[in-house]
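Hello,

Here is the structure I promised to pass on to you. Have a look at it first, and then read my notes below.

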Amino acid sequence: MNIENNSKCIYPDKLSRKEKVHEKLIELTKKLESNELKHSPKVNFNTSSISKLLGISRNNTSKELNCLVRNGDAIKIRGKPVFYFDKKVLESKLGIKFNRCVFDSYELFRETINASTLNKNESTKRVNNVKLLSSEIDNLQPKEISDLKVSTNENLQSSILDSIIGSESSLRIPIEQAKAAILYPPKGLNTLIIGPTGVGKTTFAEAMYLHAIESKRVSRTAPFIVFNCADYADNPQLLISQLFGHAKGAFTGADKEKQGLVDKANGGILFLDEVHRLPPEGQEMMFLLMDKGIYRRLGESDGAREANILIIAATTEDPQSAILHTFLRRIPVIIRLPSLQERTLQERMALICRFFQEESLRIKMPLIVASEVIKALMLYECPGNLGQLKSDIQLICARAFLDSLTYGKSEVEVKLLHISEEVRKGFFEIENKREDLTKYFNLNSNKNIIFNSAESNPSEINKKLFFNDYKGASDFYELIQHIWEKSLQEGLSEEETREKLSKEANYYLDNFFYKIKSKNSDINREALTKIVNPEIIECVESVLNEIKSEFGDYLSQRLIFGIALHVNTLLERLKIGTFVCHPDKENVAVKYPEEYSLAKRMKILLEEKIGVEIPEDEIAYLALFLYAAKMGKNSNNIGVLVIAHGSAAASTMAQVANTLLGVNHAHSIDIPLEEKVEVVLDKAIERVKSIDNGKGVILLVDMGSLVAFSQIITERTGIPTKVVEMVSTPMVIEATRKALMPNMDLESLVIDVKSLSPFIGNKNEEEILKNAYERRSHIQDIIINILSKTLTFLNPEKAYNILYEILKKITKDLNEDVDDDITLKFLFHCSCMIERVIRKDALPYSNLKKLINSKHYIFSILRKNFEIAEEIFGVNIPDTELAYIVEMFETHFDTLLQAE
């Protein structure tokens, strides 16, 4: 066979083009000063400069440079421009070992250098007293290796393996196996890592390599060579040549002797990914290397070469059926990595946070992520495991990043509209997983989570998102102290401080008590006794009954159990001689005199009952506790009612809002298209009566005569109501979230909800839509009737009203008139387009870039005016679809944009 066109490393006797490029890269890298790497280097290291220095075309230079990168001979750093360095020379200069050849940015490259330097220093730690709690390895079966335990000194406790997410839970046994495999004398044990695609097998193998350096099983310059057996699975001869090298004349085109990856891996680790794709003859050639540490290159018959290599392999298949038994027998350690579904929710959350943090670092901008996005990522089905999770987060961030560029923002806001349809399916699992989410995570506060590459501390993010299971009472001190100190620093008024304290404390207590509720929503005393000493509960109940009259109507089971939990934690702290000082207890006594007086009496009675002296500072904490409970009892919320046409339009939006926010506050009425207005109005009146808590009800409606409901309902019931039309799911979420705020009034809520969309906030357009049904012409009735027979997902009347108003705005911006012809074309095309986008089946468009460049003006008009459609229908309309609308307008208005 002719290898010249297939092999990456076969050269004629004289210097080939690739050798010339490589020699020049070596020469340039040797001249590089180490301190130059702290900043972007000179331009000599990019494709254009090397091309000019060699007199080789830029395309050919780029081709050869990338070939060197693929072979592991060069480092590539993406960016503008792309930089290249010779790998061996750079490693020699820096005294470190690169485990990868491609970096996404120069900043990541510098961080890798710093991290490698740190690892180099850490690797001076020595490992003593390494023992295996088993018999001789020859007597062990692969399945028994999972029981190996390694005894090490304290210096090894901070291993890179221990820093992997899940090291104390789902990955505990795999990590123990990995340590055993690396540390087993004299040179470690060959290992097979198994698990489905995307579980992190390559990353785990790299961590094993770093652990080998840390424990001084290999030198800090030991190589880590990665080879994917699938790359050459269809060409066994070339695969064997890549692995073992070949002798001159071994096959047609073998003009010179060539080293293989085994040569390069000598003294280190060879990682064989997708080892099941290694053909039987390749597996057989590995036997000698694994058994004796010797091998022969392809075409060699005499003698043998020596290599000291630890083999780590990986496969997604069942090794018993996909790998030769003779090969498998030589691999004593088999490590199985769990899928993402098998890992704990805490691990998944930690992974999500890490990936968002990495993206913030990549784009060098803060990421402000909605808690609803985190919830969806926590629960959606992710068959591609960690790899897919990371890719999905990157895609979400890319969409949000594009929006930030479009609107010139200094941070990137990641919202629900940026997540894909697959991720959005996670919402349907929230109800089933609500207990776990509430138990472990602080995700119901409706706050954004900020990931900032420059400032964020992972531990701070963890504090915001994670709950310590049933240890919340001690955190209540931290909560109060933090709010109090921050309020003083910010100079908040007394009223603002009270509001903040009440809101956060009530949310905190609600979160805790959700954990101990039974199915009938009552707080489960039996569950509480697993956390709090039953004697403490009885003592608190007895104390509160003695002063029951002073509590008024806010003494509840929730308050009793909350104080019991508080006292239980207090006693545990006093047993070990610690208590928390309140930062401003004198001020609490002045600002909350009733609660402080009551707390003081409680302290005295509790001391009598339990026989333990309680510190004076506890009075201030108890007072704030009581204040929070009182405020929660007296706080009413604005009701939310969604009314929309269709069999499930309103109920679906309300359900999504309730599910995301962890509440049951949004109510709905679905209107069949044939339902009479009077019937709907009667239903709305009864529903408003049932959900009003004294602060009124906001009506979120889709269109038509529903707009008039507010005034009629208020006249008939006396209950304040306000209406917002052209409702969308994001609007329902926002309305529900803000309706729960204790100091929110109905008027402010309506303003906030309308501000979600400039289209909805425009009074003139509101008036137009209000009268849309009454002024509909005959041709409009025909269009809607045809749309109803064409569309699958969209409400035809709603689609007509929205798209017709968008058409009018576009034509106004283009200084053109709307006629029936363009109306028909636009409405049918765009309604079907939106359904295509909903189905993730958007049309492609060739020469898109050219069209955008030549018709930039109309593209900007379309993009601006279609924002309302994207907001209402929850989609992102791609430029490929907008391109067809450009063509439509050009065809209809033959003078359109001639000046462009």
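**A strand covered on both faces**

Strand E11 has buried residues on both of its faces: Leu 310, Ile 312 and Ala 314 on one side, and Ile 311, Ala 313 and Thr 315 on the other. Buried means under 20% relative accessible area, with exposed over 50% and partly exposed in between (1.4 Å probe, protein chains only). Strands (E, at least two residues) and helices (H or I, at least four) are DSSP runs numbered from the N terminus. In a regular strand, side chains alternate between the two faces of the sheet. Because 6 of the 6 residues of E11 (residues 310-315) are buried, the strand is largely enclosed by the rest of the structure.

This is a predicted model, where local features need pLDDT of at least 70 and side-chain atom pairs count only at pLDDT 80 or more, while totals for chains, interfaces and linings use all residues. Residues are numbered from 1 along each chain as its sequence is written, and side-chain values use heavy atoms, leaving out hydrogens and water.

**Partners of E11**

Two strands pair if DSSP finds at least two bridges between them. E6 (residues 191-194) pairs with E11 in the parallel sense over 4 bridges, and Ile 194 has Thr 315 as its bridge partner. E8 (residues 269-273) also runs parallel to E11, joined by 4 bridges, with Leu 270 opposite Ile 311.

**Another sheet**

Further along, 4 strands form an open, parallel sheet in the order E17-E16-E18-E19. Its edge strands, E17 (666-671) and E19 (721-724), each pair on one side only.

Enjoy exploring!
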